[in-house]
Amino acid sequence: MRLKEKLYRFMQGRYGSDELNKAMLIAMVVCAVLTWFTGGIVDTILSIAMWAFLIYSYVRMFSRNHSKRWAENQKYLSFKNSILGRINREKNYANQRKTHRIYSCPGCKQKIRVPKGKGKIEISCPKCRTKFIKKT
């Protein structure tokens, strides 16, 4: 029997790789690179973290408990998407600040976007209908 067939049979029913495994392997490589530039206790901690990432990644990859591995991956993806969502939101706000001012309604704290360069204007909150005057 060829090696490819043996590997195929061995991996049948196993979970395999997913986004969390990829992230752990990247973290392992980062730890490995950082160990080149550090010394002492930090080097030891990074080495332990590197091995922990590698071992847990292989444990997940060879696991037969698909539902548990899938749930772990979903938690990771949820966390990753929340972080990326915040970053994208801040980028969007930074781009909007070039052409608009963003104010908070004094009544309900709703964020309101108004174009810059219009002078003093009366702003009406679309949510609670509170009116207030601001300079744009």
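Which residues gather in a patch of positive charge on the surface?

Reply: Quick ground rules, then. This is a predicted model, where local features need pLDDT of at least 70, side-chain atom pairs count only at pLDDT 80 or more, and totals for chains, interfaces and linings use all residues. Residues are numbered from 1 along each chain as its sequence is written, and side-chain values use heavy atoms, with hydrogens and water left out.

The positive patch is made by Arg-86, Arg-89, Arg-97 and Lys-111. Patch members have over 30% relative accessible area (Shrake-Rupley, 1.4 Å probe) and no salt bridge, with like charges joined within 9 Å and nonpolar side chains within 5 Å. A salt bridge here is a Lys or Arg side-chain nitrogen within 4 Å of an Asp or Glu carboxyl oxygen. Charges are placed at NZ of Lys and CZ of Arg, and Lys and Arg count as positive.

Take Arg-97: you'll find it in the loop between α4 (66-96) and β1 (100-104). Helices are DSSP runs of H or I with at least four residues, strands runs of E with at least two. Arg-97 has 46% relative accessibility, so it counts as partly exposed; that class sits between buried (under 20%) and exposed (over 50%).

There's a nonpolar surface patch too, about 750 Å², made by Ile-26, Val-29, Val-30, Val-33, Leu-34, Trp-36 and Phe-37. Val-29 lies in helix α2 (residues 19-37) and is partly exposed because its relative accessibility is 46%.

Methods. Buried < 20%, exposed > 50% of the residue type's maximum accessible area, 1.4 Å probe, protein only.
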